[in-house]
Amino acid sequence: MGGSGIFSIDSILKYGILFICISVEGYIFLKNGNERRETSENYNNFKYYFIIITFLSLFASFKQVHFSFRTVQSFIFIFIPMLYSYLILNNWTFRQINFSMKIALFLSVIEYLFSIRMGFSQIISSLASINYNNTNASPLESSTFALLSLGFAAYFGYYKKNFLCKIVSLLFVIMTFKRVITLSGCILVILGILKIKNLRVNRFFLIVSTITLVSFSLIYYYSIQPQNILEISEKIGFSIRDFSTNRTDRLAWLSMTDFKSYGLGSTTDFMYKLWGVDLEMDIVQLILEVGAFGVIVFIYFYLRFSKSNLYAFSFMALLLLNSILSSGMMSTFSWIIILIAMSTIMEYKEGM
């Protein structure tokens, strides 16, 4: 919930406990010699993603003769959720995962309510006054819990049982007051009702989806350039700056410096040293750090991971859409829940 950096007491406790959990699950996995679940093969494709992004990062770093620990940290934040969810998928039964997701949901809601420090009447009043056309933050807004809540909503929205958890998780998403995430949660709950949710995505649809998301990423990046944003906002009839809740200003700040990429995480490293903030737009950050090719690789391999199930694929596509407009790909704990949810859905299509 807190911490003033990766080496703060809070962070050491948080990541220390996570390291213990991963170590225990890793020991059990190796000791039992578990037969790999079918869906666990999906994780193997990520090795190509890491190889390519590592090469692009090292190339940028050597070119600028500069290396940052932030690059290593970024890789760790991305890799840990993949490793932990892989171990959980192979070590635990569906019944164990399902029970733990219920417990995790209610613990997360309690933590969220604790974090906003509002009474019941204030929460009801804030919910009643939510206006997504108004970009001013609701007192309920939470960047910490938004992606986490979507992971729960996607999981419980897929399975027919757990009606209470389905309602609680969707309400949790709405309360965090993030527009793309709220829309994603509603879409997934509706898709979870339809029979087409278990269809397998073919290669053609995967390629088309990749091209569409990459194209939108590059168009959005072009549109928010300081020299373009006002003209394009006038043409489309609304303010891109307001829509982004002023995130585009950060790109303008960066453009006024002599920044040149020195690998993954370099924009965050550079901007934190100057202003104590980052871009908060994941794919814009990737474009600046590893180029358009890095973005293509990122989108393709994340979509490919989820292609065995239309519901999971849609979930991943919505997460990638959110990463164009906002941030969250480095949210380790949220992505643990997201990947466990997605892997479980692909492995246990009908539950148990």
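Biologist: Is Tyr49 buried or exposed, and what decides it?

Modeller: Tyr49 has a relative accessibility of 2%. Buried means under 20% relative accessible area, exposed over 50%, and partly exposed in between (1.4 Å probe, protein chains only), so Tyr49 counts as buried. This is a predicted model, in which local features need pLDDT of at least 70 and side-chain atom pairs pLDDT 80 or more, while totals for chains, interfaces and linings use all residues. Residues are numbered from 1 along each chain as its sequence is written, and side-chain values use heavy atoms, without hydrogens and water.

Biologist: Which residues are in contact with Tyr302, leaving aside neighbours within four places in sequence?

Modeller: Contact means heavy atoms within 4.5 Å, and for Tyr302 the list is Phe46, Tyr49, Ile78, Met82, Met316, Leu320, Met329 and Trp335.

Biologist: How many aromatic pairs does the structure hold?

Modeller: There are 32. Tyr49 and Phe50 form an edge-to-face pair, because their ring centres are 5.4 Å apart and their planes stand at 65 degrees. The rule is that rings of Phe, Tyr and Trp (its six-membered ring) pair if their centres lie within 6.5 Å, and that planes under 30 degrees apart are stacked, over 60 edge-to-face and the rest tilted.

Biologist: Why is the pair of Phe50 and Phe75 called tilted?

Modeller: The ring centres of Phe50 and Phe75 are 6.2 Å apart and the planes are at 40 degrees, so the pair is tilted. Phe50 belongs to helix H2 (residues 46-64) and Phe75 to helix H3 (residues 69-91), so the pair ties together parts that are 25 residues apart in sequence. Phe50 is at 15% relative accessibility and therefore counts as buried; both Phe50 and Phe75 are buried. Ring pairs join them into a cluster that includes Phe46, Tyr49, Phe298, Tyr302 and Trp335.

Biologist: Where does Ser57 lie, and is it buried or exposed?

Modeller: Ser57 lies in helix H2, and with a relative accessible area of 4% it is buried. Phe75 is among its contacts beyond four places in sequence, as are Thr71, Tyr262, Gly263, Leu264 and Val290.

Biologist: What makes Glu141 and Lys178 a salt bridge?

Modeller: Their closest N and O atoms are 2.6 Å apart, and a salt bridge is a side-chain nitrogen of Lys or Arg within 4 Å of a carboxyl oxygen of Asp or Glu. Glu141 is in the loop between helix H5 (120-128) and helix H6 (143-158), and Lys178 in the loop between helix H7 (163-175) and helix H8 (179-191), so the pair ties together parts that are 37 residues apart in sequence. Glu141 is partly exposed at 30%, whereas Lys178, at 14%, is buried.

Biologist: Which residues are linked in a network of salt bridges?

Modeller: Arg247, Arg250, Asp278 and Glu280 are. For Glu280 and Arg247 the closest N and O atoms are 3.5 Å apart. Glu280 sits in the loop between helix H13 (266-275) and H14, and Arg247 in the loop between helix H11 (240-243) and helix H12 (248-255), so the pair ties together parts that are 33 residues apart in sequence. Asp278 and Arg250 bring their closest N and O atoms to 4.0 Å. Arg250 is buried at 18%, as is Arg247 at 11%, while Glu280 is partly exposed at 26%. By this rule the count comes to 7 salt bridges.

Biologist: How do you know that the charged end of Arg117 sits over the ring of Phe114?

Modeller: It is 4.6 Å from the ring centre; the rule asks for NZ of Lys or CZ of Arg within 6 Å of the centre and within 35 degrees of the ring normal. Arg179 lies over the face of Phe243 at 5.0 Å. Arg117, in the loop between helix H4 (94-116) and H5, is exposed at 64%.

Biologist: What is stated about the phi of Arg117?

Modeller: Arg117 has a positive phi of about 50 degrees although it is not a glycine. Thr245 also has a positive phi of about 50 degrees without being a glycine; Thr245 is in the loop between H11 and H12 and, at 34%, is partly exposed.

Terms used:
Helices (H or I, at least four residues) and strands (E, at least two) are DSSP runs, numbered from the N terminus.
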